[in-house]
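Colleague: I'd like to learn how to read a model like this one, feature by feature. Could you walk me through it?

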Amino acid sequence: MPSVKVKSPSGSANFSYTISTPSKSSAKAIEKDIPSILFIHPIYTAQEFWHLQFNDVGLRRFNLIALDLRCHGDTGGHVPPHYTRVEVAQDVALFMDALKLPACHVIGLSLGACVSLQLAVSNPEKVKSLCLISPLPLIEPDDIAGGRQEIYDCWTEAYADPKKVDKEMQAEAFYGSQQLGYNNVTTSLTTALTAISLPRAVKNWSPDHFEDFHTMRWDCAVTKFGFLMSASSVKFFTNRKPHPRTSLARIRCPVLLVHCSGDIAYPMHYVQELQQHLESAEVQVELQVVNEAPHFGSITHSSQVNRTCERFLKSLYPNGAPSAPAAVTSPWTKELIRAGWNAEEGAESDEEFV
């Protein structure tokens, strides 16, 4: 996958990304005469998390762009002592500048939704609309914060003897993080995504990078090991505070909140609180529910999530959105098949595209 160098106050980094157009799975640039969607992934994952969206003809009527956030996937770079949602969104804005992207519709899930919202606050001119899937609550619940801490404790325990890393403990921590996303449901796609992600996690989040990560903190995290698994999996979530209404009032675009009703971490009332908070700042907000979907509903219930986002996006073009292509292929299809994905497993039936 290509990468682009981004010079950021948080430090220079080569951000890995993928562009798909209606006619090309992997393109060098967007088609300038059609709108674009920028996808921002959740924690523990990378750009291939959006495989089923890039494989969707309804969404591929637009240019689609996905990136690996700093120290995720194939994006490297150093992490500064204070790296909050503000700095992550700044990285994304500068990434857009580096690729000379126009204002985009932005779709994010979980942590990606948090960063997407911040992007619309910090750089409203870059965001045409927001689709926030499984958005984080205004304040992280104590029990979920405890679960994230358990994942971190398990990960660091694997490195108790740096000369003999406990790979079973390491894998247990990473698989534990996936339980939050999938409600313990395993498919060939979730298995393939984990198989691809785990080696990158070992590279990005190991004590080999102690000098990079020993003071690294997303919202002020300093720990014994100090590397990314701690900061991004615990403190980024627990130290967040609700945006002031004056900040939310900077948002200029419509917002779609997508709640996955099977989300064991964040029940419905959390997204309703977020909706009310946005509305109090006079932001245009719509809330849709995907029944029985877990936190990572864009993977397990991709058809429903995709159609919900597509309908919202098409509604923004009263004179007609671009036509959907007849067929598309995800840029990650071959890689996922090699990792064990069965493309025929659990195929969902989509309604007709127009």
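Predicted model: local features only at pLDDT ≥ 70, side-chain atom pairs only at ≥ 80, totals over all residues.

Colleague: How are strands and their pairing defined, and how many bridges join β1 to β2?

Modeller: Helices (H or I, at least four residues) and strands (E, at least two) are DSSP runs, numbered from the N terminus. Two strands pair if DSSP finds at least two bridges between them. Here β1 (residues 3-6) and β2 run antiparallel and are joined by four bridges. They form a hairpin with six residues between them, and G11 in the turn has a positive phi of about 115°.

Colleague: Which residue in β4 is the bridge partner of S20?

Modeller: That partner is L64. β2 and β4 (residues 63-67) pair in the antiparallel sense, over four bridges.

Colleague: How many of the residues of β2 are buried?

Modeller: The general idea is relative accessible area: buried means under 20%, exposed over 50%, and partly exposed in between, with a 1.4 Å probe and protein chains only. Strand β2 (residues 13-20) is mostly covered, with seven of its eight residues buried.

Colleague: Now the rings. How is a pair of aromatic rings described?

Modeller: A pair of aromatic rings is described by the distance of the centres and the angle of the planes. Rings of Phe, Tyr and Trp (its six-membered ring) pair if their centres lie within 6.5 Å; planes under 30 degrees apart count as stacked, over 60 as edge-to-face and the rest as tilted. The structure holds 10 aromatic pairs. One of them is Y17 with F95, an edge-to-face pair at 5.8 Å centre to centre with 65° between the planes. Because Y17 lies in strand β2 and F95 in helix α2, this pair ties together parts that are 78 residues apart in sequence. Y17 counts as buried at 9% relative accessibility, and F95 does so at 0%.

Colleague: What kind of pair do F39 and F54 form?

Modeller: F39 and F54 form a tilted pair, 5.4 Å centre to centre and 50° between the planes. F39 lies in strand β3 (residues 36-40) and F54 in helix α1 (residues 51-54), so the pair links parts 15 residues apart in sequence. F39 is buried, with a relative accessible area of 0%, and F54 is buried at 0% too. F39, F49, W50, F54, Y182, F296 and W332 form one aromatic cluster.

Colleague: On to helices: what span should the 14 residues of α2 have?

Modeller: The expected span of a helix is 1.5 Å times one less than its number of residues. For α2 (residues 85-98) that gives 20 Å, and its end C-alpha atoms are 20 Å apart, which agrees. After α2 comes K100, whose phi is positive, near 55°.

Colleague: Where does α6 bend?

Modeller: A bend at a residue is the angle between axes fitted to the seven residues ending there and the seven starting there. α6 bends by about 25° at S197, and a proline, P199, follows within four residues. Helix α6 (residues 188-204) has 17 residues and reaches 24 Å from its first C-alpha to its last, close to the 24 Å expected. It is largely enclosed by the rest of the structure, because 12 of its 17 residues are buried.

Colleague: Which residues point each way from β7?

Modeller: V255, L257 and H259 point one way, L256, V258 and C260 the other way, and all are buried. With six of its six residues buried, β7 (residues 255-260) is therefore largely enclosed by the rest of the structure. β6 and β7 run parallel, joined by four bridges, and L132 stands opposite L257 in β7. β7 also pairs with β8 (residues 285-290) in the parallel sense over six bridges, where the bridge partner of V258 is Q288 in β8.

Colleague: Last one: with which side chain does the side chain of S129 make a polar contact?

Modeller: With that of H105, at 2.7 Å. A polar contact is a pair of N or O atoms within 3.5 Å; within protein, one must be able to donate a hydrogen and the other to accept it, and residues adjacent in sequence count only if both atoms are side-chain atoms. S129 sits in strand β6 (residues 127-133) and is buried, with a relative accessible area of 0%.

Key. Residues numbered from 1 in each chain as written. Heavy atoms only, no water.
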